[in-house]
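Let's take a quick tour of a protein chain together. Have a look at the sequence and the 3D view, then work through the points below.

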Amino acid sequence: MPLLPRAAGRPGLKHTALTAAAAALAALAAGTPVAYATLGSGSPSASRPAAAGAAARGKSYIETRLFFGTERPDGGPDVTDRQFLAFVDEEVTPRFPKGLTIQDGRGQWRDSHGVIERERSYELILLYPATEARMRDPQIERIRDAYEKAYAQDSVARLEERTTAEF
């Protein structure tokens with residue numbers, strides 16, 4: 001949320017800014033039940049019955065997304081498609097043999113020197129039962145560590161969400 005402008009010396013501006021902030025929070029709060037309703041168990045609305053007429057489908061899963069950059073901070077050559085697919089075959093497939101999804105991407109981030117870096121990237125999507133989350137966590141961390149070491153990367157981003165899936 002953006003910071004509110006300083007209101008010192010400007011009567012009325014503080015009240016207007018606070019009113020605007022309150023209205024924005026009210027709008028966000030009104031949308032919260034809808035957002036939580038899609039997250040499954042563990043959310044505030046998880047104990048509420050499904051919307052009238054909607055059948056509950058699927059089982060509880062975790063969706064993990066890993067973001068792999070291809071430029072090397074050490075100045076080495078970019079990671080090629082062939083290298084990345086070999087990495088997936090060696091490091092990911094043995095840990096997730098039931099399946100995965102890879103998407104090409106373009107990303108940007110600020111490096112440790114404050115420079116905005118733009119690069120070709122890969123998004124790896126892993127979907128597994130929520131009951132396996134504790135077992136899968138160290139496997140995912142090994143994948144991240146292996147890529148960082150193999151290709152001199154500063155990091156591999158990780159994003160997780162609880163969802164439902166049916167196959």
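**Briefing: helices, strands and rings**

R144 has its place in helix α3, where helices (H or I, at least four residues) and strands (E, at least two) are DSSP runs, numbered from the N terminus. Keep in mind that this is a predicted model: local features need pLDDT of at least 70, side-chain atom pairs count only at pLDDT 80 or more, and totals for chains, interfaces and linings use all residues. Residues are numbered from 1 along each chain as its sequence is written, and side-chain values use heavy atoms, with hydrogens and water left out.

**Around helix α3**

- R144 counts as buried because its relative accessibility is 17%; buried means under 20% relative accessible area, exposed over 50%, and partly exposed in between (1.4 Å probe, protein chains only).
- If you skip its neighbours within four places in sequence, R144 is in contact (heavy atoms within 4.5 Å) with L66, V156 and R158.
- E141 is also found in helix α3, which covers residues 133-150.
- With 26% relative accessibility, E141 counts as partly exposed.
- E141 and R158 sit 17 residues apart along the chain, and their C-alpha atoms are separated by 9.2 Å.

**The aromatic rings**

- You'll find eleven aromatic pairs in the structure; rings of Phe, Tyr and Trp (its six-membered ring) pair if their centres lie within 6.5 Å, and planes under 30 degrees apart count as stacked, over 60 as edge-to-face and the rest as tilted.
- F68 and F87 make an edge-to-face pair, because their ring centres are 6.0 Å apart and their planes are at 65°.
- F68 lies in strand β1 (residues 59-69) and F87 in helix α2 (residues 81-92), so this pair ties together parts that are 19 residues apart in sequence.
- Both F68 and F87 are buried.
- F84 and Y122 are stacked, because their ring centres are 3.9 Å apart and their planes are at 5°.
- F84 lies in helix α2 and Y122 in strand β3 (residues 116-129), so that pair links parts 38 residues apart in sequence.
- F84 counts as buried at 0% relative accessibility, and Y122 counts as buried at 3%.
- One aromatic cluster is formed by F68, F84, F87, Y122, Y147 and Y151.

**The whole chain**

- The chain has three helices and four strands, and reading along the sequence gives the pattern α-β-α-β-β-α-β.
- Of the 167 residues in the chain, 26% are buried.
- Among contacts in the chain with a separation of 6 or more, 65% come from residues 24 or more positions apart.
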